[in-house]
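User: I'm new to reading protein models and keep hearing about salt bridges. Could you walk me through some?

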Amino acid sequence: MDLSTRKQALEARRAELTGHLSEVEHTLDAPMPKDWEDRASERQGDEVLESLGNAELDELRRIDAALGRIKAGTYGICASCGEMISDARLDLLPAAPLCKTCAAEGAG
């Protein structure tokens, strides 16, 4: 996959996340029901949405960092060892800042 295709995919995913995060924020800002049981149920749903929103914010940060690396000309180069990140890894994780070896070492 070439760099412009990867950039387009990252930008499309970024737009998708931004739109969904806006929906999550709108839902979380909605007034709570007056009924206590409904309110408890609503709060549980809000906690799930908050968790999902936080995960999406993390992904958004990774995408923004990857887009920054594209602009800087360092996309696809491992931020740790300086080796090229494999196309297979970038196909699966387009925002990956590390090669498979460095990512595995960091997890261990």
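**Reading the salt bridges**

Analyst: Let's start with D64, which is partly exposed at 33% relative accessibility. Buried means under 20% relative accessible area, exposed over 50%, and partly exposed in between (1.4 Å probe, protein chains only). This is a predicted model: local features need pLDDT of at least 70, side-chain atom pairs count only at pLDDT 80 or more, and totals for chains, interfaces and linings use all residues. Residues are numbered from 1 along each chain as its sequence is written, and side-chain values use heavy atoms, leaving out hydrogens and water.

User: Which residue forms a salt bridge with D64?

Analyst: First, the general idea: side chains of opposite charge can pair when their charged atoms come close. A salt bridge is a side-chain nitrogen of Lys or Arg within 4 Å of a carboxyl oxygen of Asp or Glu. Here R14 pairs with D64, with the closest N and O atoms 2.5 Å apart. R14 sits in helix α1 and D64 in helix α2, so the pair ties together parts 50 residues apart in sequence. Helices (H or I, at least four residues) are DSSP runs, numbered from the N terminus.

User: How many salt bridges does the structure hold?

Analyst: Six. One of them joins D91 and R6 (3.1 Å, N to O). D91 is in helix α3 and R6 in helix α1, 85 residues apart.

User: Is R6 buried or exposed?

Analyst: R6 is buried, with a relative accessible area of 3%, while D91 is partly exposed at 44%.

Methods. Helices (H or I, at least four residues) and strands (E, at least two) are DSSP runs, numbered from the N terminus.
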